[in-house]
Amino acid sequence: MLKKTPLYDLHVELGAKLVPFAGWEMPVQYPAGIMAEHGACREGAALFDVSHMCQLTIAGSDPAAAMEALCPGGLITLKPGAARYTQLTTLKGGIYDDLIVTNAGDHLFVVVNASMAEQDLEIMRAGLPDHTVNPLTDRALLAVQGPRVGDIVAGIFPQAAALRFMQSQMVGATRLSRLGYTGEDGFEISVPIEDAETLARNLIDAGAEPAGLGARDTLRMEAGLPLYGNDIDQTTSPIEAGLGFSIPKRRREAADFPGADRIVAEASNGPGRSLVGLRPDGRAPARAGTEIAAPDGAVIGTVTSGGFSPTLQAPISLGYVPAEYAAPGTPLNFILRGKAAPARVVALPFVPHRYLR
Amino acid sequence: MITYYTEDHEWITVDGDMATIGITNHAAEQLGEVVFVELQGAGETFAKGDEIGVVESVKAASDIYAPVAGEIVEANEALVDTPAELNEDPEGTSWLYKIKVTASGELAELMDEDAYKALID
């Protein structure tokens, strides 16, 4: 039995094509189509229902310090109202999940992937036995993303204008967080279920175009943002995945988080393999699972995400390759339907981020 | 001229021993916006079920399978240059191949329009 978000009826009314995703029935696209929805986010504003993601709170004595035992991110340095991207790491230096942690004053507000929520709750409850880990089942989460969202959201919540990238604020019962997973300026709005549909309609009336998981995927790929289960998992380290920015010097020196041996060594000496951007010379997309070969024909890696970039009007892929092949400009081949298709390593992101800092 | 359909959501319209093949409106709708088309050249011969092309949308890749054995007479090269045209008229001007049918007996294994409509409803 698939779960339905508080916006399910609105999705149906808007003509969404609904698909199963991580146990939820979610819109993959609306009648406008993935290209138009993607374009709305890059040029105007797009509204995504991300209520399937798990919102939770961690309360108790100094929850940020406690969470640092499970994550390599800098959490005790987070000021009230500040949010940070980090990972739950395994003892072997892999990734259980990636997440956003916000200092909500006397507790932490955390958002994790829908598909990993159950596992994450177990890890946090086991790792934080003296704290209360409480999933928020009475809230929806709307992501509104794109260069026009500053005006749109400020029109509904004037307090939004004061927020910069990775800042968060409660407005009544609603939490506004200026962040997202598209590479654009944007907000994620955590809202009580009973207010969710009205807020979604108000955002649409103000100019945000409804957009589905299809556009969300092409947008995050263009932004070079890894997707848990595709580009990162228990076998990949944060350093291999290019997430070293999220591990501050203090944490590297203390090496006091799960998997620190591997992660700190890779941060210092360079990882054996890296997640890189790849663009083929031709027009055939190389999707997840496509083998990557060196010029001599040896298979050296695999595509973890790939498809068509609506912004670049060309195929793009993410994949892991050994360090000696990871430099931008390195010529490689995709093995597509048994044939070598020339490609090149490129710097990430494919499309520049435009966060409001 | 008679049109047959396959379980892979392709159509084939037969006129004597010549035929035109393509993907159905339903297939194009399911795929969404097409961004890549790969077709083989004239003169290629194939058996029923062989992969004779690739159509990819933003969302997914889909192989084109030969509905019957035959030989490619003409490929719709315009689609290779502008793949999005495939969404315009998949059962008309956006055909994929004109072929010579070499095993017309295999046509009897395909669906007629009513059977195909029943399949996709």
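Some conventions come first. This is a predicted model, in which local features need pLDDT of at least 70 and side-chain atom pairs count only at pLDDT 80 or more, while totals for chains, interfaces and linings use all residues. Residues are numbered from 1 along each chain as its sequence is written, chains are lettered from A and ligands numbered from 1 in the order in which they are written, and side-chain values use heavy atoms, with hydrogens and water left out.

Let us turn to the second largest pocket. A pocket here is an open set of points on a 1 Å grid over the protein atoms alone, where a 1.4 Å probe fits, with protein on both sides within 12 Å along at least five of seven lines; its lining residues have an atom within 4 Å of a point. The volume of the second largest pocket is about 400 Å³, taken as the space filled by probe spheres set on the points, which are joined across faces, edges and corners. Its lining holds 20 residues, and A:K3, A:W24, A:H52, A:C54 and A:A117 lie nearest the centre. Two or more lining residues come from each of β4 (54-59) and α4 (117-127) of chain A; helices (H or I, at least four residues) and strands (E, at least two) are DSSP runs, numbered from the N terminus. The largest share, three residues, belongs to α4(A). By class, the lining has 11 nonpolar, five polar and four charged residues, where Ala, Val, Leu, Ile, Met, Phe, Trp, Tyr, Cys and Pro count as nonpolar, Asp, Glu, Lys and Arg as charged, and the others, Gly among them, as polar.

How many residues does the largest nonpolar core have? It has 37, and A:F48, A:L278, A:I292, A:I300, A:V321, A:L332 and A:F334 make the most contacts inside it. Domain 1 (1-271) and domain 2 (273-346) of chain A each supply at least three residues to this core; the domain bounds come from an automatic or database domain assignment. A second, separate core of 28 residues includes B:V34, B:L39, B:V55 and B:L79. A nonpolar core is a set of buried Ala, Val, Leu, Ile, Met, Phe, Trp, Tyr and Cys residues joined through side-chain atoms within 4.5 Å. Buried means under 20% relative accessible area, exposed over 50%, and partly exposed in between, with a 1.4 Å probe and protein chains only.

Next, two serines. B:S57 lies in strand β6 (residues 51-57) of chain B and is buried, at 0% relative accessible area. A polar atom of its side chain lies 3.1 Å from the backbone nitrogen of B:K59. A:S237, in the loop between α7 (213-222) and α8 (249-254) of chain A, is also buried at 0%. Its side chain reaches the backbone nitrogen of A:E240 at 3.0 Å.

Finally, the backbone. Most residues other than glycine have a negative phi, and most peptide bonds are trans. The bond from A:L348 to A:P349, however, is cis, with omega near -5°. A:A22, between β1 (17-21) and β2 (24-29) of chain A, has a positive phi near 50° and is partly exposed at 35%. A:R337, in the loop between β18 (331-336) and β19, has a positive phi of about 50° and is partly exposed at 37%.

Conventions
A polar contact is a pair of N or O atoms within 3.5 Å; within protein, one must be able to donate a hydrogen and the other to accept it, and residues adjacent in sequence count only if both atoms are side-chain atoms.
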